[in-house]
Amino acid sequence: MDKNSTPLSATDLFNEGLRCFNKPDGIGAVRAFEAVIKINPAYRHEDGDNPYFYLGKISEIEGRIDDAIMLYSSALTIDPYDEESLIGRGSCYTVKKNHEVAVVDFKKVLDIPPESRNAPLQHVLYAIAENYRQQKDFSKALHWGEKALSKDPNNDRHQQLVDEVKKQTRDIP
């Protein structure tokens, strides 16, 4: 940018961040989204997105899970029902084996009205079931797994979880 040009607005920088994110050009996206935050830490794009979500997604993709959790949490301070940030943070907590907190995030997604929710219901239900399975809370895993399977009866992954949990409950003395 030369000295005579006008500085970019937060919206311009956010749009540049999106363009870079979708390229993919992670370095350019990070640079643009961080510039947005510097201008306005509470920035929300007209579509409701905020730069913290994208920075969290980039961190998650790069395997920087603790950073991703922090950035998703920042996004959730701007919008406590930011569906993508709840799912992203819940997924990161699952990776970190913090299953109780992951379940809280995934259940919060279920609080979003169905007409406003983008994630397929059966996938959120499966994520809850899987976290309970990993905690060895097989009764809750079965409950949520069967709910996921009822929404998508031909889903092999959901069926496999339900079958595995049923086997686990039979094997418990």
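Q: Which residue lies over the face of Y81?
A: This is a predicted model, where local features need pLDDT of at least 70, side-chain atom pairs count only at pLDDT 80 or more, and totals for chains, interfaces and linings use all residues. Residues are numbered from 1 along each chain as its sequence is written, and side-chain values use heavy atoms, with hydrogens and water left out. A charge sits over a ring if NZ of Lys or CZ of Arg is within 6 Å of the ring centre and within 35 degrees of the ring normal. At 4.7 Å from the ring centre of Y81, the residue is K108.

Q: Over which ring does the charged end of R157 sit?
A: The charged end of R157 is 4.1 Å from the ring centre. The ring belongs to Y126.

Q: How are the planes of F14 and Y43 arranged: stacked, edge-to-face or tilted?
A: Rings of Phe, Tyr and Trp (its six-membered ring) pair if their centres lie within 6.5 Å; planes under 30 degrees apart count as stacked, over 60 as edge-to-face and the rest as tilted. F14 and Y43 are 5.5 Å apart, centre to centre. Their planes stand at 45 degrees, so the pair is tilted.

Q: Is F14 buried or exposed?
A: Buried means under 20% relative accessible area, exposed over 50%, partly exposed in between (1.4 Å probe, protein chains only). F14 has 0% relative accessibility, so F14 is buried.

Q: In which helix does Y72, the partner of F53, lie?
A: F53 and Y72 form a tilted pair, 6.0 Å centre to centre. F53 is in helix α3, 19 residues away in the chain. Y72 is in helix α4.

Definitions and conventions: Helices (H or I, at least four residues) and strands (E, at least two) are DSSP runs, numbered from the N terminus.
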